[in-house]
Amino acid sequence: HRGKPPNHFKSWMPPKQQLTKVALFIDVDSENSGRAAYARGVEFVASCNLRYGLSSNEIGKLGGSEIARLPELYENDWEWSQKGNAIFRQPEDRVVVQLFDQASPLAVKNFVALCTGEKGISKGSGKPMCYRNCPFHRIIKGFVAQGGDFVTGTGAGGESIYGKKFKDDAGGLKLKHDKRGVLSMCNTGKNSNTCQFFVTFGPAKQLDGKHVVFGEISEGMEVIDRMEEQAGADSDEDKPKVPVVIADCQVLTSE
């Protein structure tokens, strides 16, 4: 019949692909301004709330004025201040990574499995195949932060869920290192990807076509800023000034 077609003749649209997102919790200088320092603060409140007339032994239930008093109370408490630095607000350390499943399926599958730890203990190295507690061993201001070596933690080691090395994703090689927060694979030449990856601090076109781009930072860029502030000196092989560690990692969504 003539006129408008009924609704079921509307052009079919493929369902939008759901891309994988991963959360990395990056602990910067844990003992002084990160998770260890906050854990000390939580413990101080739990143990000393009555001594100092606090309204609760749970740090999350204290009022703003009470939280503001805590650093001074802690500093003046000889017994506690000897234990190390304490902070009383939970550190912001969550970074969300949007992964490019279609362009770089091999790299994404490897990265996700190393975030969940689902592969267990490596037969090759005897180490847990997981990014948890893995350091960023190299941070270069204005360039990249490099990490993911769960074997040695120094950049000397590397393996993947596919074995020692795996080949480049052709689609990922076409993507550009054109901004801050690009996630890309480290390698030692063609088809030599392992567990090591890097995050860019800015455009790095010299890496285009040589390294497989497989994601980008979508949330938590302030954590990336804090990482860059700890960039190492050239004399010390670009080792960061303080420990920068992936304290935890988890998959948020996947296809």
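Visitor: Which residues touch the most other members in the largest nonpolar core?
Guide: Leu24, Ile26, Leu99, Phe111, Tyr131, Phe136 and Phe214, out of 39 residues in that core. A nonpolar core is a set of buried Ala, Val, Leu, Ile, Met, Phe, Trp, Tyr and Cys residues joined through side-chain atoms within 4.5 Å. Buried means under 20% relative accessible area, with a 1.4 Å probe and protein chains only. This is a predicted model: local features need pLDDT of at least 70, side-chain atom pairs count only at pLDDT 80 or more, and totals for chains, interfaces and linings use all residues. Residues are numbered from 1 along each chain as its sequence is written, and side-chain values use heavy atoms, leaving out hydrogens and water.

Visitor: Which helix gives the most to this core?
Guide: Helix H5, residues 105-116, with six residues. Helices here are DSSP runs of H or I, at least four residues, numbered from the N terminus.

Visitor: Which residues are in a second, separate core?
Guide: That core has 16 residues, including Val45, Leu54, Leu70 and Trp80.

Visitor: New topic. What volume has the largest pocket?
Guide: About 330 Å³. A pocket is an open set of points on a 1 Å grid over the protein atoms alone, where a 1.4 Å probe fits, with protein on both sides within 12 Å along at least five of seven lines. The volume is the space filled by probe spheres set on the points.

Technical notes
1 Å grid on protein atoms, 1.4 Å probe; cavity = no way out; pocket = protein on both sides within 12 Å on 5 of 7 lines; lining within 4 Å. Buried < 20%, exposed > 50% of the residue type's maximum accessible area, 1.4 Å probe, protein only. Helix = DSSP H or I, 4+ residues; strand = E, 2+ residues; numbered from the N terminus.
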